Amino acid sequence: MIAKLADNIYSPLGTTTLDNYRAVANHRSALRRYRGERDLPEPFTASLLDRDALPRFGDGYTPFERLAIASVADALGRCGLDPTGGDVLFILSTTKGNIELLDPHCRGAWSDERLAPAVAARVIAGHFGNRRAPLVVSNACTSGLCAQIAAMRAIGAGTCRSAIVVGADLQSRFIISGFQAFHALDTEPCRPFDASRAGLNAGEAAATVIYTRADLAPADAWHATRGAIRNDANHISGPSRTGEGSFRALQAVTQGFDTVRLAVVNVHGTATPYNDEMEAIALDRAGLLDVPVNTLKGYYGHTMGAAGVLETVLTMCALDHGTVLATRGFNTLGVSRRVNVSDSHRPTAGRAFVKLLSGFGGCNAAMLFEKGGER
Amino acid sequence: MNIIKRVTITPAGAAIDGYPVPVDGRGMELLTALYRHTAGDYPKFFKMDPLCRLGFVATELLLDGDRRNGCDDRAVILFNRNASIANDRRYQATIPHDSEHFFPSPAVFVYTLPNIVTGEIAIRNRYYGETACYILENNDQTIIEEIVGQAFDADPATTSAVAGWVDFNTEVDFLADIFLALKQ
Amino acid sequence: MEQLVEELKKNIIEVLNLEDLQPDDIDAAAPLFGEGLGLDSIDALELIVMMEKNYGIKIKDPAEGKEIFKSIDAMAEYVAAHRTK
């Protein structure tokens, strides 16, 4: 078993986990409407960072690397972990890394090498004096959970003692134009699980979680106890009509676990018509319709490679404050199953939750988290 | 973990457990020739980006004789260096800053993720088990076998795996080096 | 119209990478989606791009595509009536 030592969320809503929690608790959303941004012909709604406000750490880092470093630096500052040790593994979760460097307007003097995500990961880990070969997890939108599962496995197998998991993605012209071509974006703030939902919003953020062997962490730390990755084996972009992979992943992490103990299932909830319906079917099949369900996309949009880490960390912080966060943008249930969508911030005494994600390539991932010690 | 079969493909040719596969062609033509030699009746192949084509034909060669169609205990765990860069460049070419020629292609965009190849393999064989894509700087067999071994140990549902290196940079610079592994 | 039908067949084979098909293999009256050519939702999105790129026709809602892309004949009629280039 592995336990959390420290974490961070670096987003347009704040640069620490606590600042982010307070912003969301106060019903703030980072979603704004942009026109002409990224030199795109069509307007879009997204959660974007102020690039000028990103710390520079000297001249050797791209904006993507600066974002990841800023998030890791804050998390490291909150625990005594020495990141230079050979027993510390860096794991980067990203879908597109430095991809904006392909754009002549963003290219600058950066070399082609920086486009390789493992090179960016080495640069980020190197900033902290870590010389061990980093691992990059790039499993589309499930990356942030798959990266935490990789940390569980590596620590469990003893190949490292601690793992620094950082999820990050920037929203480039590349990504937004692609989702526009897919007609997957809502031009308004997204409305997850709502009857009127019309698509997702893109979001920029980084988030970090530092894990170590459970016996090396305080007893009341959050523990990542189970993780599973399953494929729909159905279509590379369309969610499964039967929720196949998400159902199987949920089943794997909840089997034998008393789901009454779950405070919430924090789902993907991108607000595309097909995704939310697919998750509703998967939740039903996994027997989880009674458990409160929420999604954070209405505050942050879809933060891609950061999503799995950010949404896990924010859910931990909210439960530490005795709260199941509201699903912003949700009003009237618009899926075929009676999902218990959390429509307002609700008090909870729960100390366990499930996090669910799915993505292109038919991948689905779920994890079970439990807080240690006694309340 | 027990590795029972290995397939390698370079721009110059393909081999199964070191024995050359008798097909002609180089680069992308080699991949098409391998497709004709193996599947032949899966027109979706021609919709795939180069990375997926490489992973697809490598897997077809690997699974000949042990396909286990429609199972949930076989994982697909692939590694590479260049993510989806060859296709990313193709997509970038559809979104120039000159608006006259700005026509982002959804069919190209969908392949701008390195894990799509694991999905294509899962769809082809109806594998509902774990699929994962990891990116490393180098084709390091020690790390690869370590991570595949951890997947067996950590998830009791996984009893076999299609795993290894599938990397596509350019038509003259690609490598598939994959293996079929059993838990026992 | 016949010329447009032939042109659409060629374009579709090219943009949808229907490598093993010849224009003559496609029945202009038959349904494009479903069993026929094995096209899927991504192909439908790519056809929307083709309509704008080749004929200057903007289709805002993919749901509209369902009617327009019923068959090559239906597409040809729509293109003839709405093309701006």
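How many Å separate the centres of domain 1 of chain A and domain 2 of chain A, taken over C-alpha atoms? The separation is 20 Å.

Some ground rules before we go on. This is a predicted model, where local features need pLDDT of at least 70, side-chain atom pairs count only at pLDDT 80 or more, and totals for chains, interfaces and linings use all residues. Residues are numbered from 1 along each chain as its sequence is written, while chains are lettered from A and ligands numbered from 1 in the order in which they are written.

Now the domains. In chain A, domain 1 covers 2-216 and domain 2 covers 222-371; such bounds come from an automatic or database domain assignment. Where they touch, domain 1 of chain A gives 61 residues and domain 2 of chain A gives 56. Contact here has a definition: the C-beta atoms of two residues, placed from the backbone, lie within 7 Å. On the domain 1 side, H4(A) supplies the largest share, eight residues. That side divides into 34 nonpolar, 19 polar and eight charged residues. Nonpolar is Ala, Val, Leu, Ile, Met, Phe, Trp, Tyr, Cys and Pro; charged is Asp, Glu, Lys and Arg; the others, Gly among them, are polar.

A word on labels. Helices (H or I, at least four residues) and strands (E, at least two) are DSSP runs, numbered from the N terminus.

Next, helix H3 of chain A, residues 117-127. Nine of its 11 residues are buried. Buried means 20 or more other C-beta atoms within 10 Å of the residue's own; 12 or fewer is exposed, in between is partly exposed, and C-beta atoms are placed from the backbone. Among the buried ones are A:Pro117, A:Arg122 and A:Ala125. What covers them? The cover includes H2, E4 and E5 of chain A, together with strand E5 (131-135) of chain B. After H3(A) comes A:Gly129, with a positive phi near 80 degrees.

E5(A) and E5(B) pair in the antiparallel sense over two bridges; pairing needs at least two bridges found by DSSP. A:Val136 stands opposite B:Ile135.

Last, chain C. Six residues of chain A are in contact with six of chain C. That side of chain A has two nonpolar, four polar and no charged residues.
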